[in-house]
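Please read them with the structure open beside the text.

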Amino acid sequence: MSEPQKPPPILIADHPALDFLNSVGAPHGTEIEWINNGAALLSWMTAAGLLSEAGASGIAESASTKDLDETAARARDLREWFRDLIIRQDGLSGWKLAPDEIELISRILSKGTYRFQLQPGDSDEAQLRLSSGYEINEAEDLLVPIAHQIADLLSETDCQLTRNCDGPTCTFWFTDITKNKKRRWCDMKICGNRAKTAAFRERKKQS
Ligand SMILES: [Zn+2]
């Protein structure tokens, strides 16, 4: 049975780890789970730049549907664990993790193999290309690039700039990389305009 077509993933977070957090949400009222099974996880990771097209088709062929679906379930567990962690950091001046939380991410990272490869150019005149990426030999290897992004967020970004959208019911997160550090919305099209319209209506009512 084919699934109903999902809208493209919401990739507005300015960091892949937070895009991962936003892989479930209800931008238009009804909740959408972008990684509900193994195939969906591969599509989401490819769209989010965490997996190459070749890597996705390779693992789709070599791994069983059961293993891929199980990995998607583990990814969802990891995501909700990560959400709790992010919510708990609210108001802190720096990331604060318990040793067992650091260990959980490190354990996934330790399973990864990252390889560089020199490749011929697309034509005779084209320059050689240096490509790199994680080896994805088994379904569970898919968790490594995700854990890498979580580790990157926690080590390279400012905790105080990771924020939840101001939309009253919005569950989307982003890291504020704007110059004036005043980003409020996940996306103008999703929550920004909605808030503007509500404020406009409120003003009209009062006048
Ligand atoms: Zn929002």
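**Notes on the predicted model**

1. Among the contacts that join residues at least 6 apart in sequence, 61% link residues that are at least 24 apart. The model is a predicted one, and this percentage should be read with that in mind.

2. As for the overall layout, the chain holds seven helices and six strands, and their order along the sequence reads α-β-β-α-α-α-α-β-β-α-β-β-α. Taken along the principal axes, the C-alpha atoms fill a box of roughly 70 × 45 × 40 Å, and of the 207 residues in the chain, 26% count as buried.

3. Helix H4 deserves a paragraph of its own. Running over residues 65-88, H4 comprises 24 residues and spans 35 Å from its first C-alpha to its last, which is close to the 34 Å expected at 1.5 Å a residue. Its buried residues are Leu68, Thr71, Ala72, Ala75, Phe82 and Ile86, and these pack against helices H1 (16-21), H2 (38-47) and H6 (143-156) as well as against strands E5 (162-164) and E6 (173-175).

4. Which residues have the most contacts inside the largest nonpolar core? That core has 41 residues, and the ones with the most contacts inside it are Leu18, Leu41, Met45 and Ile150. At least two core residues are supplied by each of H1, H2, H4, H5, H6 and E6, with H6 giving the largest share, six residues. As general background, nonpolar side chains in soluble globular proteins tend to be buried together.

5. Is Leu97 buried or partly exposed? Leu97 lies in the loop between H4 and helix H5 (99-109), and it counts as partly exposed because it has 14 C-beta neighbours inside 10 Å, whereas a residue needs 20 or more to be classed as buried. Apart from neighbours within four places in sequence, Leu97 is in contact with Leu85, Ile102 and Leu154. Leu97 and Lys196, which are 99 residues apart along the chain, have C-alpha atoms separated by 37 Å.

How values were computed. Residues are numbered from 1 along each chain as its sequence is written. This is a predicted model: local features need pLDDT of at least 70, side-chain atom pairs count only at pLDDT 80 or more; totals for chains, interfaces and linings use all residues. Helices (H or I, at least four residues) and strands (E, at least two) are DSSP runs, numbered from the N terminus. The expected span of a helix is 1.5 Å times one less than its number of residues. A residue is buried if 20 or more other C-beta atoms lie within 10 Å of its own, exposed if 12 or fewer, and partly exposed in between; C-beta atoms are placed from the backbone. Two residues are in contact if their C-beta atoms, placed from the backbone, lie within 7 Å. A nonpolar core is a set of buried Ala, Val, Leu, Ile, Met, Phe, Trp, Tyr and Cys residues joined through C-beta atoms within 7 Å.
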